[in-house]
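The text then goes through them in turn.

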Amino acid sequence: MADLLRLLLRVGEKAANVARLCRQEAPLFQLLVQEKTGEDKNKKFVQDFKTLADVVIQEMIRHDVRVQFPEMAGFIHGEESNMFENGLGESVTVTVCATEEETAKLLATVLDGDQTAASLLARAIHQDPATIEVSTDSLTIPLKPSELGIWIDPIDATSQYIKGREEVLEEGRLFPSGLHCALVLIGVYLRSTGEPVMGVINQPFNNKDSADRGWRGKHYWGVSCGSINICSESRPRNRSEGQRGLSVVLSSSEKQAVKEALTSVCGPDKLIYASGAGHKILCVIQGLADAYVLSEESTFKWDSCAPHALLRALGGGVVDLAMSLQQSDSGAQDPSTELTYHLPRTDRKGAERWANHGGLVAYRDSSQLRSIIGALKGKL
Ligand code: 2IP
Ligand code: CA
Ligand code: CA
């Protein structure tokens, strides 16, 4: 299944090209922003934006995976629906066609006849991206495509993507918000158990090239399956927790009770607020924070699947917070509290069927997870 990993890295890079292109073309970007309505609305936001970039990216990934792995066709899910309404109020189903010309023609109908914009997008969709160097050659992954499903978040942290504030990132420092929080997330899970087994994260806006001032991206990947645990990121060294306390990243909208309870295990100034669910889990992967705690049901399977696979490969994971708080204090962590990705909540509708209902904790070290659960017990 190293083929699947290579393919996902390639489509992730194509996705990043589309995301960059859509921001580059200012008039196009304005045109693309559309409000979500009805059951697909993430109830957390008064206004939640759905961009054509999102829809196009998701359909492109779905198309490319389906071509190479037809067995996966019915199991490629994503955040977005592929229905898009153009300026004339017409509904268009966005799909990737067999040729660049056909795709351009279809996109022009969404873009109210803007041929230039449609052609630019179609070119990015059909173009082979720059080669991504990863040493996956010797990698044998014992999985069959017919056993797997995929979750795609074409752009996570859409609000940061739309705001577009630029930060100059520094190694080892967490930057809470900005364009770098926007991530393409592609996660692979086992259909039988829902375990996340492979993840690709592409950060389209990692740094600006000093020569041409164009954005350059960065990618991260991981595989966790049986005894195989490989990640593009190395396991960060564990800091001496006793001296400094844990650092925990939170959503700025997190409950006061959670913040207060965590101060007992966190060092001073070690509660950090940052944007983007995917970005916060990435901070844990990179060792910029020890954990990400979320008590609300405001994330979805497409937000956590890809980064969850990377954390597992590093020896950590993502647990359901509500479930973990109900467990008895046996000391050992119950594997059944880890989030799974195969079953919808049948009592909910629309996007809500796939919410991470119990909230979550993303962690690298299970003893740190225990400290956090201990601190939160009885406080929520
Ligand atoms: C959002 C996005 C938000 C996050 C929310 C996600 O996904 O990652 O930033 O909220 O939970 O569902 P917060 O930043 O407060 O953690 P999207 O941008 O794809 O809608
Ligand atoms: Ca998201
Ligand atoms: Ca999204």
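Predicted model: local features only at pLDDT ≥ 70, side-chain atom pairs only at ≥ 80, totals over all residues.

Residues are numbered from 1 along each chain as its sequence is written, while chains are lettered from A and ligands numbered from 1 in the order in which they are written.

Start with the sheet. Helices (H or I, at least four residues) and strands (E, at least two) are DSSP runs, numbered from the N terminus. Two strands count as paired if DSSP finds at least two bridges between them. An open sheet is formed by 6 strands in the order β3-β6-β7-β8-β9-β10, with mixed pairing. Both β3 (76–78) and β10 (228–231) stand at the edges with a single partner strand each, so one side of each has no neighbour in the sheet. On average, neighbouring strands are turned by 15° against each other, direction ignored. The antiparallel strands β9 (residues 215–225) and β10 are joined by 4 bridges. Ser-224 has Asn-229 in β10 as its bridge partner.

Which strands does helix α3 lie across? Helix α3 (residues 52–68) lies across β3, β6 (148–156) and β7 (183–190), and runs at about 155° to β6. Axes here are lines fitted to C-alpha atoms, for helices over the stretch in contact, and angles run from 0 to 180 degrees between N-to-C directions. Helix α10 (residues 301–313) lies across β3, β6, β7, β8 (196–208), β9 and β10, at about 100° to β8.

Two packed helices are described by the angle between their axes and the distance between the axes. For helix α1 (residues 2–24) and α3, the angle is about 155° and the axes are 10 Å apart. These two helices are therefore roughly antiparallel, a term for angles over 145 degrees, whereas those under 35 count as roughly parallel, 65 to 115 as roughly perpendicular and the rest as oblique.

The axes of helix α9 (residues 277–285) and α10 come within 9 Å and cross at roughly 5°. That makes α9 roughly parallel to α10.

Last comes the ligand. A residue is near a molecule if its C-beta atom, placed from the backbone, lies within 6 Å of it. Around ligand 1 there are 14 residues, of which Thr-158, Ser-251, Gly-276, Ala-277 and Ser-298 come nearest.

Terms used:
Contact = placed C-beta atoms within 7 Å.
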